[in-house]
Amino acid sequence: MKKIYFNYIDSFKGLSTEVWWLSLITLINRAGTMVIPFLSLYLTESLHFSISNVGWIMSAFGLGSVIGSWLGGKLTDKIGYYKVMLFSLFFTGILFIGLQQLTSFVSFCIGIFLVMVVADSFRPAMFVALSAYSKPENKTRSVTLIRLAINLGFSAGPAIGGFIITYLSYGGLFWVDGITCMLAALLLLNVLNPKKAKVIETEEKVTNPTSAYSDKIFWIFLIAMSLFGVVFLQFFSTIPLFYKDVFTLNELEIGVILGMNGFLIFLLEMPLVKWLENSKHSKSGLMLIGATLTGLSFFILTTTSWVGILIISMIFVTFGEMIAFPFSNAFAMDRSKKGNQGEYMALYSISFSVAHIFGHNGGMQLIENFGYTNTWYVVSILALACMSLLFILKQRLKTSIEKA
């Protein structure tokens, strides 16, 4: 037990102070994003929108995410990551508070679109900041620490969110979301101001950067990640509805199951990633394993009506994301050495934003027209397509190394 404890503590050593501050800012921000897991429930129960309408709202969510990620990447390469992060956090807070005032279908589509344009400009800027504050050998663990903060926030967020909904109302979620975003901006202003933060200059600057748009291997990766995103994001839109409609769980129970995901990641991801970094597996091979586990988490939902399968499914997807996300992120950061970092990391963020456009809406439309079981079959097939692309990516990378 003592050895396990020291190995766990060991996995956090060597990371810069700035990475820890960035993680804390992310934790504060993500702890407040308790609206997102309950958004589909809020729209159907409080605003009485149809599942089809919810699907289109989630597409507006995704479209805003695409534009926000692209804009964040462009601005990061032009004005720097610090200004982009500060602007994004502060104005996202204001927009989230205002979102609760929108009650019509069209106004909510426009509102959620604008929120995501501003909110997701943060992501490419944060990834570039992470790269600037990390030594090359620590980048995967730095990414993992950020994910740890995100998932610790998501672990607390849904559980607290379920409590707020049960004993107060949905409106309280928007206030908490907005205030925590602005608190994160205030902390960023105080601890990561360029006058205080230390940038680790360990890599040579690329004088004639390669455009990410001409990197064919990177495009295979991006398409695979978009498919992975479509599959994974069902846990934030269709899965809560599945829990409620099929298993009749209440918001508090749904929040606890979703929170379990973040809690397991908090306990296990960092030591798991450190162990996998020292294994013989390549980043592409590890992404393939992660995609396989995530696909299985949906396939097993079609095999039984036993309520315990929800826990097993959540364990599968948790291990899938613990493996796929850190190593896909590290792969994108490594690839960005070839060119403009903001451009590369924006495209990586956009791959998941595209998933937001099609994943939520596609899942909603499938459920409404074909039911939950058939939807999980389709999602499993998409996971299989993602796995096939990751296998191709692995072979292409192997061939390019052999030629070099």
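Me: Why is Phe91 called partly exposed?

Reply: Its relative accessible area is 36%. Buried means under 20%, exposed means over 50%, and partly exposed lies in between (1.4 Å probe, protein chains only). So 36% makes Phe91 partly exposed. This is a predicted model, where local features need pLDDT of at least 70, side-chain atom pairs count only at pLDDT 80 or more, and totals for chains, interfaces and linings use all residues. Residues are numbered from 1 along each chain as its sequence is written, and side-chain values use heavy atoms, with hydrogens and water left out.

Me: What makes Phe90 and Phe91 an edge-to-face pair?

Reply: Their ring centres are 5.2 Å apart and their planes are at 85 degrees. Rings of Phe, Tyr and Trp (its six-membered ring) pair if their centres lie within 6.5 Å; planes under 30 degrees apart count as stacked, over 60 as edge-to-face and the rest as tilted. Therefore this pair is edge-to-face. Phe90 is partly exposed, at 36% relative accessibility.

Me: The structure holds 15 aromatic pairs. Why is the pair of Phe87 and Phe91 called tilted?

Reply: The centres are 4.7 Å apart, and the planes make 40 degrees. That angle falls under neither stacked nor edge-to-face, so the pair is tilted. Phe87 and Phe91 are 4 residues apart in helix H5, which means about one helical turn separates them. Phe87 is partly exposed, with a relative accessible area of 47%.

Me: What makes a set of residues the nonpolar core here?

Reply: A nonpolar core is a set of buried Ala, Val, Leu, Ile, Met, Phe, Trp, Tyr and Cys residues joined through side-chain atoms within 4.5 Å. The largest one has 119 residues, and Phe221 and Tyr243 have the most contacts inside it. Helix H15 (residues 341-403) gives this core its largest share, 19 residues.

Me: Which residues does Tyr243 contact, leaving aside neighbours within four places in sequence?

Reply: Contact means heavy atoms within 4.5 Å. Among the partners of Tyr243 are Phe235, Leu249, Ile254 and Met314.

How values were computed:
Helix = DSSP H or I, 4+ residues; strand = E, 2+ residues; numbered from the N terminus.
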